[in-house]
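Hi everyone, thanks for coming. Let me put it on the screen.

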Amino acid sequence: MSKGIDLNKYFDTPKHDVVQVLDEKGKVVNKDLMPDLSDDQLVELFKEMLWSRILNDRSTKLNRQGRLGFFAPTAGEEASQIGSHFAMEKEDFLLPAYRDVPQLVQHGLPLAKAFQWSRGHIDGNKYPETLKALPPQIIIGAQYVQTAGVALGLKKNGAKNVAFTYTGDGGTSQGDFYEGMNFAGAFKAPAVFYSQNNGYAISVPRHVQTAAPTLAQKAVAVGIPGVQVDGMDALAVYAVSKAARDFAVAGNGPVFIETLTYRFGPHTLSGDDPKRYRTAEEEEEWHAKDPLTRMRLFLTDKGLWSEEQESAWEEEVNAQIDAAMQEVESAPKQKVSEYLKDTFIDTPAVIQEQIDKFVAKEEN
Ligand SMILES: Cc1ncc(C[n+]2csc(CCOP(=O)(O)OP(=O)(O)O)c2C)c(N)n1
Ligand SMILES: [Mg+2]
């Protein structure tokens, strides 16, 4: 039996409050943290969130009609996704995961490209030169390592810009998660790492995923700040993100942010049924925290938003989506030969043979 050392005393969880600005009724609960945004900016933030919800709903329908392919629902995560992106500058670099298409489009990716990507068309991965972003990462955690590299590059080039990346709660169990944050921390690289904790990695609940009481505390091991924020509160997410960006640009190194959020829909539209692992009560509890509801109440209370404005904006967004879809559906179909041509700089003979075979087929 061991003597003198009580390991139970060595469990350590930093005690910090979850950052919150708005409560569920849209009331300001923390005036000191109220971000410095003009009325126009507050409205813009809400309009982007609403845009994201409409895009979610339309993408779901388009997928069911067979007009879109892969889609990872985003409803419920608007404060986390749009609130964080709102703190990004155009020249900042975005490294998203598969659920982060809304931030990508807000960062400058044409919506039609996002739809091409969903449909598996290679043109969906060909980005405008000016867009500082990589396509959505499917390999869980890989974007954390890439972000460390991008951020170090920004630092070495003397850019006053930051790399922003996102993973989920499940992503924090991957080796890449630690490697990326450790490297960025060691080199004081300007990065903001997000874990959007929506409670589940597909069907695996957060508490089964890791013994760590919070995900934010995973930052402690690599010596960088780790902040837990109410991920249903866009103003809180923005406030923390803006502080993190300022911190990184000032040369203090990276920040890790855990947003406490929820996805209202399934993991993806490829066969997941959340009813098999979530209760209706739990879903109701989270719907009561809907990020759109509290922002809408907040703005309406300030006289900045009305039902008429909302209907007009919905119409405009739907028209944007229709136009992007029309562009995609009238574009030439993907050719297998094109896809193969893009795989190598110097095409090996065996691939050339396949290209020739497909070209012959496509010409018929
Ligand atoms: C390296 C790797 N392992 C497994 C998968 C399969 N996979 C896709 S999504 C997912 C769950 C991720 O959950 P989380 O990180 O919480 O993100 P969320 O989808 O909830 O946003 C898994 C295991 C993958 N894409 N990459
Ligand atoms: Mg998750």
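Before we look at the ligand, one term: a polar contact here is a pair of N or O atoms within 3.5 Å. Please also keep in mind that this is a predicted model.

So, with that term in hand, let's start at ligand 1. An oxygen atom of the ligand lies 2.8 Å from an N or O atom in the side chain of Asp169. There is a contact to His267 as well: here an oxygen atom of ligand 1 and an N or O atom of the His267 side chain are 3.3 Å apart. Ile138 takes part through its backbone, with a polar backbone atom 2.9 Å from a nitrogen atom of ligand 1. How much of the ligand does the protein bury? On its own, ligand 1 exposes 590 Å², and the protein buries 70% of that.

Now for the wider neighbourhood. There are 15 residues around ligand 1, and those that come nearest are Tyr98, Arg99, Asp169, Gly170 and Gly171. If we sort this shell by class, we get 7 nonpolar, 6 polar and 2 charged residues.

Let's step back to the space that holds the ligand. Which pocket does ligand 1 sit in? It sits in the largest pocket. The largest share comes from β2, with 3 residues. By class, the lining of the largest pocket has 7 nonpolar, 11 polar and 4 charged residues.

Next stop, the second largest pocket. Its volume is about 170 Å³. Among the residues that line it are Asn197, Asn198, Tyr200, His207, Glu282 and Trp286. Two helices, α7 (206-209) and α9 (280-287), each contribute at least two lining residues. The classes here are 5 nonpolar, 5 polar and 2 charged.

How many cavities of 30 Å³ or more does the structure hold? There is 1. The largest cavity has a volume of about 140 Å³. It is lined by 17 residues, with Ser59, Phe71, Val101, Ala114 and Phe115 closest to its centre. The largest share, 5 residues, is from α4. And what about charge? The lining of this cavity has 12 nonpolar and 5 polar residues, and no charged ones.

To recap, ligand 1 sits in the largest pocket, with Asp169, by its side chain, 2.8 Å from one of the ligand's oxygen atoms. The lining of the largest cavity, in turn, has no charged residues.

Terms used. Residues are numbered from 1 along each chain as its sequence is written. Chains are lettered from A and ligands numbered from 1 in the order in which they are written. This is a predicted model: local features need pLDDT of at least 70, side-chain atom pairs count only at pLDDT 80 or more; totals for chains, interfaces and linings use all residues. Side-chain values use heavy atoms; hydrogens and water are left out. A residue is near a molecule or strand if one of its heavy atoms lies within 4 Å of it. A polar contact is a pair of N or O atoms within 3.5 Å; within protein, one must be able to donate a hydrogen and the other to accept it, and residues adjacent in sequence count only if both atoms are side-chain atoms. Accessible areas come from the Shrake-Rupley method with a 1.4 Å probe; for residues, only the protein chains shown count as cover. On a 1 Å grid over the protein atoms alone, a cavity is a set of points where a 1.4 Å probe fits but cannot get out, and a pocket is an open set with protein on both sides within 12 Å along at least five of seven lines; lining residues have an atom within 4 Å of a point. A molecule sits in a cavity or pocket if more than half of its atoms lie within 2 Å of its grid points. Ala, Val, Leu, Ile, Met, Phe, Trp, Tyr, Cys and Pro count as nonpolar, Asp, Glu, Lys and Arg as charged, and the others, Gly among them, as polar. Grid points are joined across faces, edges and corners, and a volume is the space filled by probe spheres set on the points. Helices (H or I, at least four residues) and strands (E, at least two) are DSSP runs, numbered from the N terminus.
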